[in-house]
Amino acid sequence: MKKLALGVAAVALLVCGTFASAEPLLGRGTWVGRVEAYSSRYINETFVGGRLAVVSIVGDGSTDVDVFVYDAAGRLVVRGIGLTDRERVSFYPPATGRYTIELRNLGSVWNRVLLMTD
């Protein structure tokens, strides 16, 4: 039931085209936007040290989109590289800090992606 509710919310956001702040200070954040063909979009997020950080994406289904999370020094922390545009990754940040989330579109057309952090 929880997955169904998340799917309905994702579709509603994708269809309506609305989006919240790309850079919430702390806590749950959402971003909806277009990731161009064969390119990446970067979103900055602050995660709380010692607390599970979760990054989820749901695309429009047109291409494969992968997610990568980098720390402030540019080191890869975690990645989701499945075969679709739905990914979920999680990690425990060692300290509260700013992270960069890369959404990488591997396809030949743009993809509208919903990104959620928690």
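This is a predicted model: local features need pLDDT of at least 70, side-chain atom pairs count only at pLDDT 80 or more; totals for chains, interfaces and linings use all residues.
Biologist: Why is Asn 111 called buried?

Modeller: Buried means under 20% relative accessible area. Asn 111 has 0% relative accessibility, so Asn 111 counts as buried. Asn 111 belongs to strand E8, residues 111–117.

Biologist: What makes the approach of the Asn 111 side chain to the backbone nitrogen of Asp 60 a polar contact?

Modeller: The distance is 2.9 Å, and the cut-off for a pair of N or O atoms is 3.5 Å, with one atom able to donate a hydrogen and the other to accept it. Leaving aside neighbours within four places in sequence, Asn 111 is also in contact with other residues, including Gly 33, Arg 34, Thr 63, Asp 85 and Asn 105.

Biologist: Which residues have the most contacts inside the largest nonpolar core?

Modeller: They are Val 55, Val 69, Ile 101, Leu 103 and Leu 115, in a core of 18 residues. Among the elements that give two or more residues to this core are strand E1 (29–35), strand E3 (53–59), strand E7 (97–105) and E8. Beyond its neighbours within four places in sequence, Val 55 is in contact with residues including Val 69, Ile 101 and Leu 115.

Biologist: Why is the pair of Phe 91 and Tyr 99 called tilted?

Modeller: A pair of aromatic rings is described by the distance of the centres and the angle of the planes. Centres must lie within 6.5 Å, and planes under 30 degrees apart count as stacked, over 60 as edge-to-face and the rest as tilted. For Phe 91 and Tyr 99 the centres are 5.3 Å apart and the planes are at 55°, so the pair is tilted. Both residues are buried. The structure holds 3 aromatic pairs, and ring pairs link Phe 47, Phe 91 and Tyr 99 into a cluster.

Biologist: Which ring does Arg 34 lie over, and which ring does Arg 104 lie over?

Modeller: Arg 34 lies over the face of Trp 110, at 4.0 Å from the ring centre. Arg 104 lies over the face of Phe 68, at 4.0 Å from the ring centre. The distance cut-off for a charge over a ring is 6 Å.

Conventions: Residues are numbered from 1 along each chain as its sequence is written. Side-chain values use heavy atoms; hydrogens and water are left out. Helices (H or I, at least four residues) and strands (E, at least two) are DSSP runs, numbered from the N terminus. Buried means under 20% relative accessible area, exposed over 50%, partly exposed in between (1.4 Å probe, protein chains only). Contact means heavy atoms within 4.5 Å. A nonpolar core is a set of buried Ala, Val, Leu, Ile, Met, Phe, Trp, Tyr and Cys residues joined through side-chain atoms within 4.5 Å. Rings of Phe, Tyr and Trp (its six-membered ring) pair if their centres lie within 6.5 Å; planes under 30 degrees apart count as stacked, over 60 as edge-to-face and the rest as tilted. A charge sits over a ring if NZ of Lys or CZ of Arg is within 6 Å of the ring centre and within 35 degrees of the ring normal.
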